[in-house]
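Thanks for coming, everyone. Please look at the model on the screen.

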Amino acid sequence: MNMLDKPLKRRKFLQLTGLSGTALALGFYFPASGKAISTGATLYNISSVPPAGLELTAFIIIDTTGKITLINPRPDMGQGSFQAIPMLLAEELEVNLDQVEIRQSDGRSKFGNQLSGGSGSVRSSWEPLRKAGAAAREMLVQAAANKWKVNIADCYAEDGKVINRKNKASLPYGQLVEEAAKLEVPKEPRLKDPKDFKKLTKSLPRPDVPLKVDGTAVFGIDVKVPGMLYASIERSPVIHGKVVKFDDSKAKAIKGVKQVLLAERPMPHKTTQSVAVIADHYWAALQGRKALSITWEDGTYNTVSTSNYFNELKELAKSEGAIYKVVGKFKEALAGASKILEAQYETPFAAHAPMEPENAVASVKEDSCEIWAPVQAPDWLVGQVATYLKIKPENVKVNVTFLGGAFGRKAYYDYVLEAVYLSKQVKAPVKLIWTREDDTMQGPFRPGMLSVMRGGVDQKGNVVAFEHKAVGASIQHQVFKADLKGKADDWVMECIGPDSSPYAFANASYSHILAETDIPIVWWRSVYCSTSAFGQECFVDELAHAAGKDPMDFRIALFEKAPRFKQVLQTLAQKSDWYTKLPAGKARGVAIVKSFESICAHAVTVAKTDEGIKVEKVVCVIDCGMTVNQDNVKAQTEGNIIMGITAAVKDPITVENGKTVQSNFHNYRVLHINEVPQMEIHIMQNQEAPGGVGEPGLPPIAPALANAVFGLTGKRIRRLPFRLDRV
């Protein structure tokens, strides 16, 4: 290969496109001629030029040369939607992904809901996008039948062409699209029988992985547009502090610094002041920021602390909660129990800490705005920017790149609106980059929660009463202004209420007590399932031991009317060799949680070592219904296990005197590679509707680990995080 034919390095490529004035073409290779050629690396081409060709559906464009463009409406933040969503289309369209160019939707309403979140990309797209592919396939087959003047039943689609069954003649899609585009889109196209799937449910390599490894894929932080300036923002270290005055003389003396100005951070519940440094390049902006001298007014916010917050939760826990659901006669049953147990479980605030911190490029003009950013929901962003700038939604264009992690953080658009504000002020495109410290210290965070548990068993060891009172801040209340006076937040009750948790408790009570906080909060991976499930699954374990029963058998017995749950646990018992006695110094714990329409159970093995307790092995069984890519299910579950153990045994987010104590990975640590346990992931095989896979592996890991630690030491872990070397 001639050197000039080799793919250009990513940053060199970006430089060339920026200088050439191209809006931005991501992941293209440029040969010596400078002509772009499409390869398997045509990832997220966000050129301002729309794809050419005939649009058969909102998601499928085929030109007369046969080039196929599939629109992915679900941003990829590492969870695999770049492959999974187009695969739904491609399976029904009878093409392979290497035959198509995949583009990300841009927030326009014709693409519908474009949120990647709630482990919902596949389960919400499973039928609509397969129907889109099937509709296009039927239109192309009909077009071929019309050309050949044969019955449609004599034609079928395969590998991007339509074939005549009788004479084996074929027509590529490109030669059919003009005729097909004249046809009415079928309202109820026939979907393929799952037994005929060629790609779905298989383990297939993800086309984005090699590009993310070799640096070819482009993330938001790589974006560059002509005329772009850079910004770094100094925000108050005390939550919601105000700017009294600032001295920018030293900042302006730094070469490259263009301007220093007051800025604002629009959050859903409060807009705060800050100071921004605008420069020719990011290094100058960051150095200028460090040279600022700012006087802040803390107001009363310097009294905000997480310790005060949790003390308040414990006081609130003494009161009655807003009832979510009551089953049977809980209070009477508890009063008549032979043995009553009570316990409180605490989970901390947590930062998202994605590998790619928040960043965005915004270009605001008189009555329009264009944005390039890693965001989880471009359609949400269109609405928020239009409202913020008071312009029409159709005048907002969002170019979505790959996301270097998100976990809920990049559906909270303060960082994009900051860039929008600055671009409007300086009348130029502005790229804003948060530092790791900004990301760790400024929030929003997963809210800290308290699970208040009570339960009673009879003389035979049967659970006769069960109560779960969740106490803590509400995302619905702070972010979405939900009026919760006298009402339980149903988001808080996800995973633990009787409508999602199938534990057959005859008498049970589920309630929520709202706590207000000035600390910014938002959803975190698996949202409240990561907090509430810890209390519930540990307390179920306590009840099992109080009843004198094996924790696995105890749970299985409670699932007599929930066969999928029972099968998951029976499979877990078999795969983990649960009933074989472990040698001295080792123990196992189990937990099971349903979240995002998937059931996931872990059996965790821990061992005593000279350095403390080691998490030795995690055996997982997940029932997520039908799958798109089994290998991706395993990868997501492994990631959930690692993130869940990190949250259980590493560092919390704490706030003292209004300031976040943790600032970077040195004191907000993640699990090291040598601490990662052996993992086995087993996927139940069935044809149930697809459930989520991006989050369900996380909620059961902390309680399974805590239950294993109890089995090893006899000590109950009721507060996260805890130190494995100090149990």
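A residue counts as buried when its relative accessible area is under 20%. Keep that cut-off in mind. And remember that this is a predicted model.

Cysteines, then. How many disulfides does the structure hold? One. The disulfide joins C495 to C529, with an S to S distance of 1.7 Å. The link of C495 and C529 is right-handed, with 75° about the S-S bond. Where do the two ends sit? C495 is in the loop between α13 (475-480) and β21 (508-514). C529 is in helix α14, residues 529-546.

Now some other cysteines. The cut-off for a disulfide is sulfur atoms within 2.5 Å. C620 is buried, with a relative accessible area of 0%. Next, C624, which is in no disulfide. For C624 the nearest cysteine sulfur is again that of C600, 9.1 Å away. C624 has a relative accessible area of 1%, so C624 is buried.

On to the strands. Strand β1 covers residues 54-57, and strand β2 covers residues 60-62. They pair in the antiparallel sense, over three bridges. Which residue in β2 is the bridge partner of L54? I62. A hairpin of two residues joins β1 to β2.

Last topic, the helices. Two packed helices are described by the angle between their axes and the distance between the axes. Here, helix α2 (residues 81-93) packs with helix α3 (residues 121-148) at an angle of about 30°, and their axes are 7 Å apart. That angle makes α2 roughly parallel to α3, because angles under 35 degrees count as roughly parallel. The crossing of α2 and α3 is right-handed.

Which residues meet there? From α2 we have A84, I85, L88, L89, E92 and L93. On the α3 side, the residues they meet include W126, L129, R130, R137 and L140.

How values were computed:
Residues are numbered from 1 along each chain as its sequence is written. This is a predicted model: local features need pLDDT of at least 70, side-chain atom pairs count only at pLDDT 80 or more; totals for chains, interfaces and linings use all residues. Side-chain values use heavy atoms; hydrogens and water are left out. Helices (H or I, at least four residues) and strands (E, at least two) are DSSP runs, numbered from the N terminus. Buried means under 20% relative accessible area, exposed over 50%, partly exposed in between (1.4 Å probe, protein chains only). Two strands pair if DSSP finds at least two bridges between them. Axes are lines fitted to C-alpha atoms, for helices over the stretch in contact, and angles run from 0 to 180 degrees between N-to-C directions. Angles under 35 degrees count as roughly parallel, over 145 as roughly antiparallel, 65 to 115 as roughly perpendicular and the rest as oblique. A crossing is left-handed if the near helix is turned anticlockwise from the far one by less than a right angle, and right-handed if clockwise. Contact means heavy atoms within 4.5 Å.
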